[in-house]
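Here is a short briefing for a reader who is new to this structure. Please look over the sequence and the model first, then take the points below topic by topic.

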Amino acid sequence: MTHQRSIPGRAWLAAAALTAAVVLWPSPAKAGDSTQELFDEAVAALHRGAVDDAIDRFELLADRGFFHPDASYDRALAYAERAQSHGARPGDFGRAAAALGETLLARPDDGDAKVALERIRQEIVRRRARTGASDVELKPSLGWAVVGLLDEDTWAVIAAIGSFATCVGLALRLWVRSAPVRLAGVVAGSLGMVMLIVAGSLAALSRSRRLHAEPAVVIVEEARLLDENGATISGAGTRLPEGALVDVEDRRGTLVRISWGTIDGWLSLGELRLLSHQ
Amino acid sequence: MTSGTADAKRTGPCRHRSAIPFYLTTMMVVIFAASPAWAGTALRTTASAAQAEVGEGVQIELSAMSDDESPESPRLQVPPGFTVQGPSISSSQQISFSNGHFEHRRGVTVHWVVFGTRPGRFVLGPATVQVGGKVVQGETLSLELVPAGSAPPKPRQRGNPFDPTSPFDPFGMFPKLPGFPNLDDLDPPIPNGPPEAPAEYQVDHATDPMAFLRATITPAEAVVGQQVTLRIYAYGGRGPYDEVGSAEPSRADFLSQSIVDSSYRQPRYVLPIDGRRWTVVKLREIALFPLHAGTLSVGPMRMGFRGPGYPETTPLKGLERQSPELRVVVREPPLAGRPPGYELGDVGSFTLAAEVEPRRVEAGDAVAVTVRVEGTGSVPHHVKHTEQRGVEWLDPTVTEAITPSNSVIGGWRAFRYVVRLDEPGTLDLGEATLPYFDPRTGVYEIARTRLGTVEVLPGKATAPAASGAPAAAAPAAPHDVLEGLGQARTKLGPLPPGKRHLTDEKAYFVLLAGGPCSVLALGGLVELGRRLRRRAARRTASQAALARRAIGEARAAADRRDSASVAASVERAIYAALEDRFGLKARAVLRRDLASTLSENGVEGALVADIVAALDACDGLRFASGTEATSPAHAVEQASSIVARLARGVRGKAA
């Protein structure tokens, strides 16, 4: 009897311990909640005009590896608001542009972010013009301009079509005896081969850039290009304006190798903000 | 051992003479020279004494730092009658990080020792350097020379084994002359012998038999912004030496602050290493603050040992040695527990104090808020304060006093804000905060101080609003860049699905190139099969094949005991083999001419005889009867042998 009575007691103890463990154990959902709370606090601070506080919380979210296009958008608003206040700090507009860049990387069709980014860039240009700084518009090199003509997937589809046409052309040329059909095969195969080589190369380049180049934005009023030893480079196009979008291709200590338009060079990592993305 | 004894003898007098000159001088004249001649270059000229005796050496130190090129060609102007020893030049670099920019400054520290020959008050300098081709000068120094022996006695500094400023015997080389009292004996003897070297100077083994530099860095693992201390020591095994031609260690990944920037004022110790006596001095002690995470390196320091026992590796640069390169593993402080507003690099232990004056103002007026950060570590350049509408904080004026204390950098930095208050009423300014990471406890802390309340009386700021003045009279509001755009997003929308690119599929590029390649390969295989079939057909129709087939038929006929068929098949086999071997249509040759024809075509005699015999045997099989005829089986074997020999001939010819 005694033994039988003790079983329910132990079961209660076990159930209580299990419940306590479930309640007290920090679950992933709990961590998610704290992220949501931090976001809510940041938005509240932004609404009451405490932009420094809002920025601190948005940056802490980013430090924790949290990424969301809406959080980046709000961070951009906070930086833009501070940039236009008495408490403006150098590079605030650049940081706003970087945050909007993150939003657009994740959500390319975000209309508000597009307009906001355009306006911030215009404001940077206006302010640079007011201080007498010459603004350098750099277009990408011809090769990258061609790569950028179409989306990576579009190049990939064109290359696939070229591959198919090449197959058909070769088959006709090899196995059909009719001269007109064989001629059609030669033409189709040649065109397909050209499409395959050109579009396939561009798709591969586009993919390589997507995988290996990190987009970043200049977050100082003006960044001067350096050589790989850290010495400044002089000449036209060696001063990158705030908000300029660059591709980071390599890192070495506190220096990063970037490409900006047709120019390659090194910058201090502190002058850039790497864009987070999914 | 002899060397050790000699060193000991030299060391003793040197230590006594250290009571004489500038090391015992207590007063330091420090003049910060303005640099109007060349912006970005800072010069500081100091003298080891403001008063000295005639003939006593006075050390002049010039520190020059420049934003641009490294200062060079230092010169020191002295009045007539003065003699100058030196200069001894060491270079330095300083890298600082501010507002996202690295500032790189280069500098030199120059030492001269000057000796006056007559009493009086003199003006030394200005010392000058060249920076980028322009001459930059510091300020002059005032020096009073008094007759020898008239200066008040100076306290002794222990531990300096030699006196570099002695004009007569800077390295203690002069022997004691017999019969003359040693001048050093006039000084009261030091009762306890040479001071014992502290533990930080001790090493187990010498890395070089003559001289070496040792560098240590503590701690070897740190977080971004935490102080690590670099110490570099010089060890000389051949007696006293001087530091010449120093090159500072590179430390581009750190903010740095010197604690010991020269060995001139450092005590020197004599300690035994590996059974020998070594003279050791601390060359540098530098507080370093890592700027980023990673394995960061501190470059070697180079120095020349100049002294009587040290051969020069390079003229005027003494015996050159360099310290090893050091590495520090630097990590970012943990993300767990990081408070909002924490800025990377705020590491140490700090407290905040604040003062607000006045506590009662009219709206539109301002109060002064002074927030003082104090503690050890890299004292932050910022504090947080509560933001609220109607309170405008202007940029602060910053004053500071940051100094090393017991090898730890610390001090205070005060931020004096002008805060304009526009809203009448009792206003709570909130608090000033400073989040920081304490490396000793490994946790984040937030230093706080309450700012208290300020009573804001209705005043000039509210008057226009109360009087209902037109808005046009107020200054135009700044243009809002984001005007008209949507408000801040209060909810996190759905995340767009992760885009999967076609080129990310592993099979994509394989199929892209594989399709045409497969078609080409298939076409090649088809062509290959076609050729193989053609070759097989040709082989089937060849004479050799006919010969082999005929042999087979002959065997079959022999089994049937069909002599006529055996004869016909054997003849076909032999003729086909001959045609295959020699291209000779032997069937058209008369039998009596066959032997000669075969011989003319190069058939060896034995084979010719066998061929003729076989053909004759075939005739026998057709026409003879009974025992005269050759057996069909024998005829077949004979023909088979002939065909095989002819075929070998074909292969041998081909080979």
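The side chains of B:Arg338 and B:Tyr444 are joined by a polar contact of 3.0 Å. This is a predicted model.

**Around B:Arg338**
- B:Arg338 sits in the loop between β22 (326-331) and β23 (348-357) of chain B.
- Is B:Arg338 buried or exposed? B:Arg338 counts as buried because its relative accessible area is 5%, and the limit for buried is under 20%.
- Leaving aside residues up to four places away in sequence, B:Arg338 touches A:Leu60, A:Asp63 and A:Arg64 in chain A. In chain B, B:Arg338 touches B:Glu332, B:Pro333, B:Leu344 and B:Tyr444.

**The two chains**
- Chain A has nine helices and seven strands. Of its 278 residues, 41% are buried.
- In chain A, 60% of the contacts between residues at least 6 apart in sequence join residues at least 24 apart.
- Chain B has eight helices and 33 strands. Of its 655 residues, 45% count as buried.
- In chain B, 71% of the contacts with a separation of 6 or more come from residues 24 or more positions apart.

**Where the chains meet**
- Contact between the chains involves 51 residues of chain B and 71 residues of chain A.
- About 5000 Å² is buried between chain B and chain A, and carbon and sulfur atoms give 58% of this area.
- Which three residues supply more than any other three of the area that chain B buries against chain A? They are B:Glu387, B:Arg489 and B:Leu492, with 16%.
- B:Arg489 also lies over the face of A:Tyr73, 3.7 Å from the ring centre.
- Six salt bridges are counted between chain B and chain A. Across this interface, 19 residue pairs are in polar contact.
- The largest share, 11 residues, comes from α3(B).

**A salt bridge between the chains**
- A:Arg207 and B:Asp504 form a salt bridge, with their closest N and O atoms 3.4 Å apart.
- The pair runs from helix α9 (residues 179-212) of chain A to the loop between α2 (463-467) and α3 of chain B.
- A:Arg207 counts as partly exposed because its relative accessibility is 27%. B:Asp504 counts as buried because its relative accessibility is 18%.

**Salt bridges within chain B**
- Over all chains, the structure holds 57 salt bridges.
- B:Lys282 and B:Glu200 meet in a salt bridge of 3.2 Å, N to O. B:Lys282 lies in strand β18 (residues 276-290) and B:Glu200 in the loop between β11 and β12, so the pair ties together parts that are 82 residues apart in sequence.
- B:Lys282 is buried, with a relative accessible area of 6%. B:Glu200, at 34%, counts as partly exposed.
- B:Arg284 forms a salt bridge with B:Glu248, their closest N and O atoms being 2.7 Å apart. B:Arg284 is in strand β18 and B:Glu248 in the loop between β15 (242-247) and β16 (254-260), so this pair ties together parts that are 36 residues apart in sequence.
- Both B:Arg284 and B:Glu248 are buried.
- B:Glu571, B:Arg591, B:Asp616, B:Asp619 and B:Arg622 are linked in a network of salt bridges.

**Aromatic rings**
- The count over all chains is 14 aromatic pairs.
- One of them is B:Tyr201 with B:Tyr233, an edge-to-face pair with 5.1 Å centre to centre and 65° between the planes.
- This pair links distant parts of the chain, 32 residues apart. B:Tyr201 is in the loop between β11 (141-146) and β12 (211-218), and B:Tyr233 is in strand β14 (residues 228-236).
- B:Tyr201 counts as buried at 3% relative accessibility, and B:Tyr233 counts as buried at 1%.
- B:Tyr201, B:Tyr233 and B:Tyr269 form one aromatic cluster.
- B:Arg268 lies over the face of B:Tyr241, 5.5 Å from the ring centre.

Technical notes:
Residues are numbered from 1 along each chain as its sequence is written. Chains are lettered from A and ligands numbered from 1 in the order in which they are written. This is a predicted model: local features need pLDDT of at least 70, side-chain atom pairs count only at pLDDT 80 or more; totals for chains, interfaces and linings use all residues. Side-chain values use heavy atoms; hydrogens and water are left out. Rings of Phe, Tyr and Trp (its six-membered ring) pair if their centres lie within 6.5 Å; planes under 30 degrees apart count as stacked, over 60 as edge-to-face and the rest as tilted. Helices (H or I, at least four residues) and strands (E, at least two) are DSSP runs, numbered from the N terminus. Buried means under 20% relative accessible area, exposed over 50%, partly exposed in between (1.4 Å probe, protein chains only). A charge sits over a ring if NZ of Lys or CZ of Arg is within 6 Å of the ring centre and within 35 degrees of the ring normal. Contact means heavy atoms within 4.5 Å. Buried area is the accessible area (1.4 Å probe) that two parts lose on being put together, summed over both. A salt bridge is a side-chain nitrogen of Lys or Arg within 4 Å of a carboxyl oxygen of Asp or Glu. A polar contact is a pair of N or O atoms within 3.5 Å; within protein, one must be able to donate a hydrogen and the other to accept it, and residues adjacent in sequence count only if both atoms are side-chain atoms.
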